[in-house]
Amino acid sequence: MLRVLLLGFGALAVGTDAYVTAGLLPAIGRDLHEPASVTGQLVTVFMLCYALLAPLVGAMLGRWSVRQVLIGALALFCLANAGSAVAPSLPALVVARGLAGVAAGVFMPVAATAAAALVGAERRGRALAVVLGGLSSGTVIGVPGGLFLAGHAGWRAALWLVTGIGAVSLAGSLALLPEVRGAAMPGLRERAAQLADRRVAVAVLTTFLQTVASLGLYTYLVPVLDAAGQTAHQTALWLWGVGGAAGSFLVGPLLDRTGRPGAQVAVLLAALALCLAPLPLLGGAAVLPLLVLWGAAGWAFVVPQQHRLLGLRPSGGAAVLALNSSATYLGGSAGAALGGAVLSAGLAPRHLPLPAAAAACLACAVHLVGRRLVVGGSHPAPDGRPHPGAERNGDSHEVRS
């Protein structure tokens, strides 16, 4: 698992980079003499490049080996963050953040696919959990550390920290990461072809809706907390991240034991809705336990969803995980945009969790439809009937393909 841990460390760098920037925006604005409305676009640029440009770049690297792609993406990630740390102006910083988003968007789905290929099928859930756990740990370890460093040495120091974490993963990968079999880089045509499978299309739509709910609402967590009378923002954000890291790491072993990713996805989507819906009714410290559960359910969702997609399309794992990764960041961007729209329309910040909970419920409904497609698409037994167990949980194809 040492090689998987290296990939998880790279994911830690990506997670820190993706979430620490939002906390650095006020300092960046003061240093570069730009308003918050302008510096806020740094986050948008990172997310859009991750979601839209990274798949195109990844498709162009179809002739590269998986090892070459991972090392190349980590190298670009380190260079882009070093460029961000020394950027003399906002345009230069925008370009650097865009390149960092592309590198992160290429790295993450390939790292997840490679981690699953480096271990046996019986440990796939654990391997995926390590990579996702590294990503979510960025909110627990990297973001507080980066913000602490920024408070004492400036925002550029935080980006040097991200660069350093990425450099450690790059050096380890150069020394220890082998060629990865069974995880070939997909071309653009192969990526698009995955969506022709209705089961994949529904699963990717489920991911999009889930992140509209979870990451979209997270964008407005501070005003939601203020409306609830909870002023300990750093504590609340840290608790959300702790829940996310715990959910990411714990769901993998559970998935390997039960072998039912579809059922776990349904439970986690329902749990997410149940965590978000009561938030407008609570105040003060009462919101904190729900933040932990929200983080746990939101981040844990990704592990069984990735496992499920790998089972649906075992020969196109890299392609479907790339689609799923893009859906995650598109959903986060869409959720942030929709949250801003409903606030502009007059909805009080306190009530934002309600439409987020509705999006989680819709994601659960879409997922349940997708599970019926999995059962309906199961290969028939010789007598023309579905394989035993297909009707029971709809997961047999997903785990043992």
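This is a predicted model: local features need pLDDT of at least 70, side-chain atom pairs count only at pLDDT 80 or more; totals for chains, interfaces and linings use all residues.
Helix α5 covers residues 90-118 and helix α6 covers residues 124-153. Their axes lie 8 Å apart, and the packing angle is about 150°. Because roughly antiparallel begins at angles over 145 degrees, α5 counts as roughly antiparallel to α6. The crossing of α5 past α6 is right-handed.

Which residues meet there? From α5 there are Met108, Ala111, Ala112, Ala115 and Ala116. From α6 there are Arg124, Ala127, Leu128, Val131 and Leu135. Sorted by class, this contact has nine nonpolar residues, one charged residue and no polar ones.

Next, the core. The largest nonpolar core holds 121 residues. Those with the most contacts inside it are Leu7, Leu24, Leu70, Phe107, Met108, Leu276 and Trp294. Helix α5 supplies the largest share of this core, with 15 residues.

Take leucine 7 as one of those core residues. Setting aside residues up to four places away in sequence, leucine 7 touches Leu70, Phe107, Ala111, Ala114, Ala115, Leu118, Val131 and Leu177.

Last, serine 214, which sits in helix α9, residues 198-218. Is serine 214 buried or exposed? Its relative accessible area is 3%, and buried means under 20%, so serine 214 is buried. Apart from neighbours within four places in sequence, serine 214 contacts Leu272, Trp294 and Gly298. Trp294 was also named among the core residues with the most contacts. Finally, serine 214 and alanine 357 are 143 residues apart in sequence, while their C-alpha atoms are 8.6 Å apart in space.

Definitions and conventions
Residues are numbered from 1 along each chain as its sequence is written. Side-chain values use heavy atoms; hydrogens and water are left out. Helices (H or I, at least four residues) and strands (E, at least two) are DSSP runs, numbered from the N terminus. Buried means under 20% relative accessible area, exposed over 50%, partly exposed in between (1.4 Å probe, protein chains only). Contact means heavy atoms within 4.5 Å. Axes are lines fitted to C-alpha atoms, for helices over the stretch in contact, and angles run from 0 to 180 degrees between N-to-C directions. Angles under 35 degrees count as roughly parallel, over 145 as roughly antiparallel, 65 to 115 as roughly perpendicular and the rest as oblique. A crossing is left-handed if the near helix is turned anticlockwise from the far one by less than a right angle, and right-handed if clockwise. Ala, Val, Leu, Ile, Met, Phe, Trp, Tyr, Cys and Pro count as nonpolar, Asp, Glu, Lys and Arg as charged, and the others, Gly among them, as polar. A nonpolar core is a set of buried Ala, Val, Leu, Ile, Met, Phe, Trp, Tyr and Cys residues joined through side-chain atoms within 4.5 Å.
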